[in-house]
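Here are a few friendly notes to read alongside the model. Please keep the viewer open as you go through the points.

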Amino acid sequence: MTTIVRRLLFFMALIAIWEITYRLNLSYQFFSVMMFPSPGGTLTQLYRGFFETGILFHALTTSIQRIAIGFVLAVIIGASLGILLARSKLADETLGSLVIALQSVPSIVWLPIALMIFAGSDLAIIFIIVLGGTWAMTMNVRMGIKNVQPLLIRAARTMGYNRSELVWKVMIPASIPSALTGARLAWAFGWRALMAGELLGTGGLGRTLLNAKDMFNMDLVIAIMVIISLIGLIVEYLIFNRIEKRVLTRFGLAKNN
């Protein structure tokens, strides 16, 4: 049995349990009938949101645009800071301490300040996405470069590599597996920051979810949660997993199937 079949059977079993629970609730009213969502109602909300009203399509498009911009910025800024901290002892002892301190601060805490600075525009949410992902990317790139095998560095110096060539041709390529881990964490933290920011901000899946809750439309709430989960699965299995396999194969850490 393939992995895909196992996963499909697992999720089908979950949906079946969900449907059984919904029908039992209709019969015995363990929960409020109006508050307990059903698989059929959730599917209906997904169809309406994408093909009739377009609410979910517009919300998803807005969220994807925000996370794409924020994630790219987080990776670029985080990688640059990571290289700086790894190569400069002064920067590591000073700026590195600030990065560690900021890493412990949830990015959503910055949203009120961001809303005031950017006047409630999309830049406020993009700002907290960047903050959510930058520090994880920074620390992973820093550790990746610092953990490069000394043998590689000595070999490169023997071949006449100067300081900049040592960084760009040896250290950075050797730290790519760690950088990939940082990018994966940057995505995860940025996606969570996006959802939290949209709950308090405007537009996107987060705000649509909050509006659905205010209207006591639990089917729509679950539909949005399904979309959020599916986006996470798609990014993990169709993007990061494939990149990871190529990177590991490239560095001889996995078999080339």
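1. Which residues does Leu-205 touch, not counting residues up to four places away in sequence? In this predicted model, the list runs from Leu-56, Ala-59, Leu-60 and Ser-63 through Trp-191, Met-195 and Glu-198 to Ile-224, Ile-227 and Ile-228.

2. Leu-205 is also worth a look in the setting of the largest nonpolar core, which has 43 residues. Together with Trp-187 and Trp-191, Leu-205 touches the most other members of that core. Two or more residues each come from helix H3 (55-87), helix H6 (122-146), H7, H8, helix H9 (176-200), helix H10 (204-214) and helix H11 (218-250). H11 gives the largest share, at 11 residues. There is a second, separate core of seven residues, with Leu-81, Leu-85, Ala-91 and Met-139 among them.

3. Next, the pairing of H7 and H8. The axes of helix H7 (residues 150-158) and helix H8 (residues 163-174) come within 11 Å and cross at roughly 160 degrees. An angle over 145 degrees counts as roughly antiparallel, so H7 and H8 are roughly antiparallel to each other. Their crossing is right-handed. On the H7 side, Leu-152, Ile-153, Ala-156 and Arg-157 make the contact, and H8 brings Leu-166, Val-170, Met-171 and Ala-174. By class, the residues of this contact are seven nonpolar, one charged and no polar.

4. Finally, please look at Ser-97, which lies in helix H4 (residues 89-103). Ser-97 has a relative accessible area of 42%, so this residue is partly exposed.

Key. Residues numbered from 1 in each chain as written. Predicted model: local features only at pLDDT ≥ 70, side-chain atom pairs only at ≥ 80, totals over all residues. Heavy atoms only, no water. Axes fitted to C-alpha atoms, helices over the stretch in contact; angles between N-to-C directions. Helix = DSSP H or I, 4+ residues; strand = E, 2+ residues; numbered from the N terminus. Parallel < 35°, antiparallel > 145°, perpendicular 65-115°, else oblique. Left-handed = near helix turned anticlockwise from the far one by under 90°. Contact = heavy atoms within 4.5 Å. Nonpolar A, V, L, I, M, F, W, Y, C, P; charged D, E, K, R; others polar. Buried < 20%, exposed > 50% of the residue type's maximum accessible area, 1.4 Å probe, protein only. Core = buried A, V, L, I, M, F, W, Y, C linked by side-chain atoms within 4.5 Å.
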